[in-house]
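Hi,

Here is the structure I promised to pass on. Have a look at it first, and my notes on the charged residues follow below.

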Amino acid sequence: MIDQRIFKIENREGKERTIKSYVLRNNTLDEKGEKILENANKHIVYYDQGLKINSESLFGNDKPLIIEIGFGMGSATTKIAKERDAYNFLGLEVYLEGVIKTLKVVNDEKIENLKLMRYNAVDVLNTIVDDNSISGFHIFFPDPWMKKKHHKRRLINETFISLLASKLKEGGYIYFVTDWAEYADEALELFEADNNLVNPYSGFADPISWRPETKFERKGLEKSHEVREIWVEKKGRD
């Protein structure tokens with residue numbers, strides 16, 4: 001039987017309506033998707049306000065925990081987790097198709113240091129992730145909401161960056177990548193303005209060797225989009 005929590009992606013109890021950085025496209029599973037979920041359910045984390053997100057609770061060890069926000073179809077996510085097995089990874093995504101496709105790869109390839117959660121990242125961070133507990137965040141190619149009237153929907157804003165910084169351990173990092181130049185410029189300014197973060201590159205970062213190129217990224221490059229990367233770290237105490 002399918003756990004119905006896979007279809008709930010937000011904690012709306014007692015909350016006012018807020019601007020979302022996503023639009024839900026599909027919230028149903030076909031027979032094939034149901035079978036994948038049944039076979040790989042151990043790799044799914046379901047939202048529960050009594051849960052605490054950390055390596056011990058999710059993986060039973062004390063490896064550094066990295067959270068990826070918006071992993072899409074998961075091709076980069078699974079490759080990074082396989083190659084960087086000294087870390088644990090939690091992928092957050094609201095799009096059901098991406099969760100199911102990635103879940104199949106995780107299960108088929110027996111990737112034991114990666115779990116997936118279908119839930120709104122803001123709710124997860126605000127309610128079940130302790131401050132000063134996460135070693136890194138990956139945010140690769142979030143929706144740039146290209147029209148000016150939609151810029152308010154962008155994931156990266158002052159409030160969200162402050163939330164990410166509060167959850168990082170000292171020396172923990174945020175790794176952001178986009179192929180939309182104007183969004184990159186805006187994000188860089190916002191990251192560098194946060195008093196809890198430092199940019200070791202003094203601008204855009206050099207390409208990180210362990211991040212694989214994705215199909216989505218290749219499509220952007222074919223359209224002459226310039227991929228820009230941002231790497232910032234949480235400051236230590238003075």
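Let me start with arginine 228, which is buried because its relative accessible area is 17%; buried means under 20% relative accessible area, exposed over 50% and partly exposed in between, with a 1.4 Å probe and protein chains only. Before going on, a word on the basis: this is a predicted model, in which local features need pLDDT of at least 70 and side-chain atom pairs count only at pLDDT 80 or more, while totals for chains, interfaces and linings use all residues. Residues are numbered from 1 along each chain as its sequence is written, and side-chain values use heavy atoms, with hydrogens and water left out.

Back to arginine 228: its salt-bridge partner is glutamate 226, with 3.4 Å between the closest N and O atoms. A salt bridge here is a side-chain nitrogen of Lys or Arg within 4 Å of a carboxyl oxygen of Asp or Glu. Glutamate 226 has 49% relative accessibility, so it counts as partly exposed.

How many salt bridges does the structure hold? There are 13. One of them links aspartate 3 to arginine 5, and there the closest N and O atoms are 2.7 Å apart. Both ends are partly exposed, aspartate 3 at 23% relative accessibility and arginine 5 at 40%.

The salt bridge between glutamate 182 and arginine 154 has an N to O distance of 2.6 Å. Glutamate 182 sits in helix H7 (residues 181-193) and arginine 154 in the loop between strand S4 (134-140) and helix H6 (158-167), so this pair ties together parts that are 28 residues apart in sequence. (Helices, H or I with at least four residues, and strands, E with at least two, are DSSP runs numbered from the N terminus.) Arginine 154 counts as buried because its relative accessibility is 3%, whereas glutamate 182 is partly exposed at 35%.

Next, H6 itself. Its buried residues are Phe160, Ile161, Leu163, Leu164, Ala165 and Lys167. At the start of H6, the backbone nitrogen of threonine 159 has a side-chain oxygen of asparagine 157 within 3.1 Å.

Helix H8 (residues 215-222) includes glutamate 222, which counts as exposed at 66% relative accessibility. Its C-alpha atom is 39 Å from that of serine 133, a residue 89 places away along the chain. Glutamate 217 also lies in H8, but this one counts as buried, at 6% relative accessibility. Its side chain makes a polar contact of 2.9 Å with the side chain of arginine 211. For a polar contact, a pair of N or O atoms must be within 3.5 Å; within protein, one must be able to donate a hydrogen and the other to accept it, and residues adjacent in sequence count only if both atoms are side-chain atoms.

There is a buried lysine to look at as well: lysine 115, in strand S3 (residues 114-117), has 15% relative accessibility. Lysine 115 and isoleucine 44 are 71 residues apart along the chain, yet their C-alpha atoms are separated by 5.8 Å.

Finally, glutamate 31 lies in helix H1 (residues 31-39) and is exposed at 69% relative accessibility.

Enjoy the browsing!
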